[in-house]
Amino acid sequence: MRFTAWYTLRKFVYDNLHNDDYETWFSRAINFSLIFLIIGNVIAVLLESINDVYKAYQLYFDTFEDISIVVFTVEYVLRFWSIAEKEPFESEWKARWNYVTSGAAIIDLLAILPAYINFFVHIDLRFLRILRLLRLLKLTRYFISLQILLRVIEREKGSFQAVIFILVIMIVMAAAGIYVVEGRAQPEVFSSIPASMWWAVVTLTTVGYGDVTPITPLGRFLGAMITILGVGLAALPAGILANGLANELELRKQQLELKFRDLLQSCEIDIIHDEEKIDNIRREVGLSIDQTRDIVLQLIRERKEEEAEREKNKYCFCPHCGHKLPE
């Protein structure tokens, strides 16, 4: 009996903290409370950077930080404990290890780790306050648009790695080239290849602060070529991200359409009248109202065409006169 109550409690915690398909007033209250707490922490960090405000309300800031640490710690422990319900037929500790090594759990850990480290190792308070801004990343769990972006980045990580690798190669080559060309003309600026990398980075990224510039004709020609290459290189990540987002949205549209078709086939939804149910499914998938409306209209057209085809097939035609004959 005691074990049954234990597992029931764990399932209840799992549903409210992990299960996206489980939605009650209590789970919504938990999510909104955590969202407001995260936003409150970010506002507190911003205000604490103003020394006069921090000194005047230090007690309130410290109390709010202590409460936040307790809440986020309890949340992390409960998520760690209840994640075993995700795969009830697998090893509990395997499920927990998979959770601990996931991106969401790492973000949760980073949100509370600086405060505990400060108990054992002295950290500059200004640095500790900045680290608390990592809690802002916890919002990715509650907003589908951020989840889509992170999923695109994860899916296209191979492409991003290739771009970064190319960028590193170009930085080294550009730094070496400008060192050879400008080293004698400006030995104090381009004293070595590592020292020339600053110029290579700001030139390839088309930022061009202007604090370090070539003065020889060959150096300026090389700088112009590197700047032109940098424009094309800077467009690569944007193109990869745009293409990834388009593919992800198209995939989600297909998933939504497939889900609607399954529900229609099992008569679990009325595509015309169940607006609230359609909107809930749309929110789960993460599509806009217009995208969902297009899918619904397409399904309605297909349904009308099927009904017209069935109505047409109720009759057969006389081969001699062409008149409809009842079945």
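N41 sits in helix α2, which spans residues 25-48. This is a predicted model, where local features need pLDDT of at least 70 and side-chain atom pairs count only at pLDDT 80 or more, while totals for chains, interfaces and linings use all residues. Residues are numbered from 1 along each chain as its sequence is written, and side-chain values use heavy atoms, with hydrogens and water left out.

**N41 and its surroundings**
- N41 is buried, at a relative accessible area of 0%; buried means under 20%, exposed over 50% and partly exposed in between, with a 1.4 Å probe and protein chains only.
- Setting aside neighbours within four places in sequence, N41 is in contact with F64, E65, S68, F72, R132 and R135, contact being heavy atoms within 4.5 Å.
- Take S68: 27 residues separate it from N41 in sequence, yet the C-alpha to C-alpha distance is 7.7 Å.

**How α4 meets α6**
- Helix α4 (residues 58-82) packs against helix α6 (residues 103-120) at about 140 degrees, and the axes are 10 Å apart.
- That angle makes the pair oblique: under 35 degrees would be roughly parallel, over 145 roughly antiparallel, 65 to 115 roughly perpendicular, and the rest is oblique.
- Axes here are lines fitted to C-alpha atoms, for helices over the stretch in contact, with angles from 0 to 180 degrees between N-to-C directions.
- The α4/α6 crossing is left-handed, as when the near helix is turned anticlockwise from the far one by less than a right angle; clockwise would be right-handed.
- On the α4 side, the contact is made by E65, I69, F72, T73, Y76 and R79, and α6 brings A105, D108, L109, I112, A115 and Y116.
- By type, those residues split into 8 nonpolar, 1 polar and 3 charged, with Ala, Val, Leu, Ile, Met, Phe, Trp, Tyr, Cys and Pro as nonpolar, Asp, Glu, Lys and Arg as charged, and the others, Gly among them, as polar.

**T73, on α4**
- T73 is part of helix α4 and is buried, with a relative accessible area of 19%.
- Not counting residues up to four places away in sequence, T73 touches I112 and Y116.

**The chain as a whole**
- The chain has 13 helices and 2 strands; these are DSSP runs numbered from the N terminus, helices being H or I of at least four residues and strands E of at least two.
- Of the 327 residues, 31% are buried.
- Among contacts with a separation of 6 or more, 62% join residues 24 or more positions apart.
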